[in-house]
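Please brief me on this structure.

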Amino acid sequence: MMRTPDHLRPDDPKPDPDNPDAQGKKEYESLGTSFLKKVKSFYPEVDTLKKAKKTSHHGAGASLYLAGSYGLTGGFYYFTGHGIFEKEVITDPFELMIQIILMAILALIFSFTAYRVHKKQGKISSVIIMITTLIESVYKLIIVPGTGLPLLIILSLMAINGVRGTYAYHRLDPSSAHD
C-alpha cells in the first residue's frame, strides 16, 4: 500500500507514478512565479495611490545615491587632491576649489530633488532625477567602462520608476496640485 505524503490533502490528486514529470512541472511553474515576482520588484505596479507614492520614493533613493556620490567625490578632492576614479592630482588650487564647490553644489541639488520627490511628489524634480541619473550612468560607462554596470542599471530603473510613481500619484490623486 502506497502512503500519501503529509502535504497532500485528501481532495488533491495523488501523484501519478507513471508520469514522473508531473512533480517537475509543478516545481517549474513555482520557479516561474518567483522569477516574475522578482522582475515586478524592479518594475512595480502603480495602480493605487499608496503603491504610486512608494514607487516614487525609488527616484528619491536614486537621487540620494547621487548626492552621496558627489559628496564623497568632493571629500576626496578636499582631502587628497584628486577624485575617486582619477589618478592625477590637481595641483592648481583654484581648479581644486572649483571642483570642491561644484561637487558640494551638485550634492545639495540632488538632496533637494530627493526631498521634493519624497515629501511633495514633485513632477519636475522626478524628471530631473531621471535625466541626470541616465546622463550620469552613460558618463560613468564612458569614463570607467564595465565597472559598476549592475548598480547603474538598478539606479536607472529606480529613477524611471520614480517618474512613473510620481506621475501615477498625481493622476490618481486629483487634490495634488504640486509641480
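Helix 3 and helix 4 pack at an angle of about 135°, and their axes lie 8 Å apart. That makes helix 3 oblique to helix 4; angles under 35 degrees count as roughly parallel, over 145 as roughly antiparallel, 65 to 115 as roughly perpendicular and the rest as oblique. This is a predicted model, in which local features need pLDDT of at least 70, side-chain atom pairs count only at pLDDT 80 or more, and totals for chains, interfaces and linings use all residues. Residues are numbered from 1 along each chain as its sequence is written, and side-chain values use heavy atoms, with hydrogens and water left out.

**Helix 3 with helix 4**

- Helix 3 passes helix 4 in a left-handed crossing. Left-handed means that the near helix is turned anticlockwise from the far one by less than a right angle; clockwise is right-handed.
- Axes are lines fitted to C-alpha atoms, for helices over the stretch in contact, and angles run from 0 to 180 degrees between N-to-C directions.
- On the helix 3 side, F110, T113, A114, R116 and V117 take part. They meet S125, S126, I128, I129 and T132 in helix 4. Contact means heavy atoms within 4.5 Å.
- By class, the contact of helix 3 with helix 4 has five nonpolar, four polar and one charged residues. Ala, Val, Leu, Ile, Met, Phe, Trp, Tyr, Cys and Pro count as nonpolar, Asp, Glu, Lys and Arg as charged, and the others, Gly among them, as polar.

**The loop residue Q121**

- Q121 sits in the loop between helix 3 and helix 4 (123-143).
- Most residues other than glycine have a negative phi. Q121 is not a glycine, yet its phi is positive, at about 55°.
- Q121 is buried, at a relative accessible area of 2%. Buried means under 20% relative accessible area, exposed over 50%, and partly exposed in between (1.4 Å probe, protein chains only).

**The chain as a whole**

- The protein chain has five helices and zero strands. Helices (H or I, at least four residues) and strands (E, at least two) are DSSP runs, numbered from the N terminus.
- From the N terminus on, the order is α-α-α-α-α.
- The protein chain has 179 residues, and 30% of them count as buried.
- Among contacts in the protein chain with a separation of 6 or more, 67% come from residues 24 or more positions apart.

**Helix 5 and its partners**

- The axes of helix 4 and helix 5 come within 9 Å and cross at roughly 165°. Helix 4 and helix 5 are therefore roughly antiparallel to each other.
- Helix 4 passes helix 5 in a left-handed crossing. The contact includes K123, V127 and L141 of helix 4, and L149, I160 and H170 of helix 5.
- The residues of the contact of helix 4 with helix 5 divide into twelve nonpolar, seven polar and two charged.
- Helix 2 and helix 5 (residues 149-172) have axes that come within 6 Å and cross at roughly 140°. Helix 2 and helix 5 are therefore oblique to each other.
- The crossing of helix 2 and helix 5 is left-handed too. Among the residues in contact are G59, G61 and A62 of helix 2, and G162, G165 and A168 of helix 5.
- Eleven nonpolar, nine polar and one charged residues make up the contact of helix 2 with helix 5.

**Two residues of helix 2**

- K53 lies in helix 2. At 34% relative accessibility, K53 counts as partly exposed.
- Leaving aside neighbours within four places in sequence, K53 is in contact with Q121 and Y169.
- K53 and R164 are 111 residues apart along the chain, but their C-alpha atoms are separated by 9.8 Å.
- T73 is also found in helix 2. T73 is buried, with a relative accessible area of 13%.
- Not counting residues up to four places away in sequence, T73 touches G83, I84 and M103.

**Aromatic pairs**

- A search of the whole structure finds two aromatic pairs. Rings of Phe, Tyr and Trp (its six-membered ring) pair if their centres lie within 6.5 Å; planes under 30 degrees apart count as stacked, over 60 as edge-to-face and the rest as tilted.
- The rings of Y70 and F110 have centres 5.6 Å apart and planes at 10°, so the pair is stacked.
- Y70 in helix 2 (residues 49-80) and F110 in helix 3 (residues 93-120) are 40 residues apart, and the pair links distant parts of the chain.
- Y70 is buried at 15% relative accessible area, and F110 is buried at 5%.
- Y78 and F79 form an edge-to-face pair, 4.9 Å centre to centre with 85° between the planes. Y78 is exposed, and so is F79.
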